[in-house]
Amino acid sequence: MNSSSTELFLSRLHWPVTTLGFGRRIGIWLQGCSIRCKGCCSQDTWDAAPSHATTVGAVSAWIATQPLDQVDGFTISGGEPFDQPTALLELLQAIDALRGAANRTQDILVYSGFPWRTLSENHSPSLALIDTLISEPYVRNRPSVGLAGSSNQVVHCLTDAGRSKHGPAAAKTDSQRLQMHYDGNRLWLVGIPGKGSLDMLRTRLASSGIALEDCSWRA
């Protein structure tokens with residue numbers, strides 16, 4: 001098991017995630033984003049506050065306690081994962097070691113708001129461990145398409161596993177489907193929301209007497 005003490009800023013962990021990639025996945029959201037796209041629905045993940053600090057070893061230990069024989073893949077988002085390049089690389093290495101022991105094909109999908117050119121020029125060791133990468137900054141006035149939050153974003157299938165699960169011939173993720181979770185403190189959604197859908201949800205809940213406060217997409 002990976003015991004790295006490398007600091008990592010973490011927003012949340014979740015199993016199972018069914019809206020951000022093929023099958024049932026472990027979701028890992030890193031905390032902190034330098035890109036801060038206008039209209040981002042996850043503005044709560046922008047600030048890398050000390051309260052979010054943990055270690056790569058602690059995250060990999062949590063992953064190891066999950067039912068890995070049922071896991072189809074791993075999705076890493078944020079925040080901006082590549083703002084923590086050393087921690088991200090070590091996390092990818094830890095996941096790669098864990099999935100190597102599983103008796104099934106498990107892919108790694110990573111979201112980034114950086115352009116592909118920046119990533120390919122500066123992060124090749126991490127890219128070598130990623131099966132599918134979604135790159136480019138989110139643009140609010142462009143519609144979501146499949147796994148992409150806006151139509152300018154590009155899905156890069158970097159391996160055979162990535163192509164089989166997220167390539168042109170693979171079954172498409174419903175971009176309008178969201179998971180809803182309550183962690184005892186906050187209600188949060190997992191998935192790619194369509195344009196205006198979150199404000200519509202807020203309005204409909206308000207009409208039923210349920211008020212949402214501190215919405216991350218309205219921060």
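**Glu136.** I started with Glu136 and found that it counts as buried, at 17% relative accessibility. Buried here means under 20% relative accessible area, exposed means over 50%, and partly exposed is in between (1.4 Å probe, protein chains only). Glu136 is found in the loop between strand E6 (132-135) and E7. Helices (H or I, at least four residues) and strands (E, at least two) are DSSP runs, numbered from the N terminus. Phi of Glu136 is near 90 degrees, a positive value in a residue that is not glycine.

**Ground rules.** I noted that this is a predicted model, where local features need pLDDT of at least 70, side-chain atom pairs count only at pLDDT 80 or more, and totals for chains, interfaces and linings use all residues. Residues are numbered from 1 along each chain as its sequence is written, and side-chain values use heavy atoms, with hydrogens and water left out.

Most residues other than glycine have a negative phi, and most peptide bonds are trans. I wrote down Arg36, with a positive phi of about 55 degrees although it is not a glycine. Arg36 lies in the loop between E2 and E3 and is partly exposed, with a relative accessible area of 39%. Then I looked at cis peptide bonds. The one from Trp15 to Pro16 has omega near -5 degrees, and Pro16 is found in strand E1. The bond from Gly78 to Gly79 is cis too, with omega near 15 degrees, and Gly79 has its place in the loop between E4 and H2.

**The whole chain.** I noted 6 helices and 9 strands for the protein. Of its 219 residues, 48% count as buried.

**The sheet.** In what order do the 7 strands of the open sheet run? I read E3-E1-E2-E4-E5-E6-E7, with mixed pairing. The edge strands, each pairing on one side only, are E3 (53-55) and E7 (154-157). Two strands pair if DSSP finds at least two bridges between them. Strand E1 (residues 7-17) pairs with E3 in the antiparallel sense over 3 bridges, and Leu8 has Thr54 in E3 as its bridge partner.

**Helix H1.** Helix H1 (residues 56-64) lies across E1, strand E2 (25-30), E3 and strand E4 (73-77), and runs at about 10 degrees to E1. For such angles, axes are lines fitted to C-alpha atoms, for helices over the stretch in contact, and angles run from 0 to 180 degrees between N-to-C directions. Contact means heavy atoms within 4.5 Å. I listed Val56, Gly57, Val59, Ser60 and Ile63 as the buried residues of H1. They are on the same side of H1 because they cover an arc of only 160 degrees around the axis, taken from the directions from the helix axis to the C-beta atoms. What covers them includes E1, E2, E3, E4 and H2.

**Leu89 and Ser126.** Leu89 lies in helix H2 and is partly exposed, with a relative accessible area of 21%. Leaving aside neighbours within four places in sequence, I found Leu89 in contact with Pro125, Ser126 and Leu129. The C-alpha atoms of Leu89 and Pro125 are separated by 7.3 Å, although the two are 36 residues apart along the chain. Ser126 lies in helix H4 (residues 124-127) and counts as buried at 5% relative accessibility.
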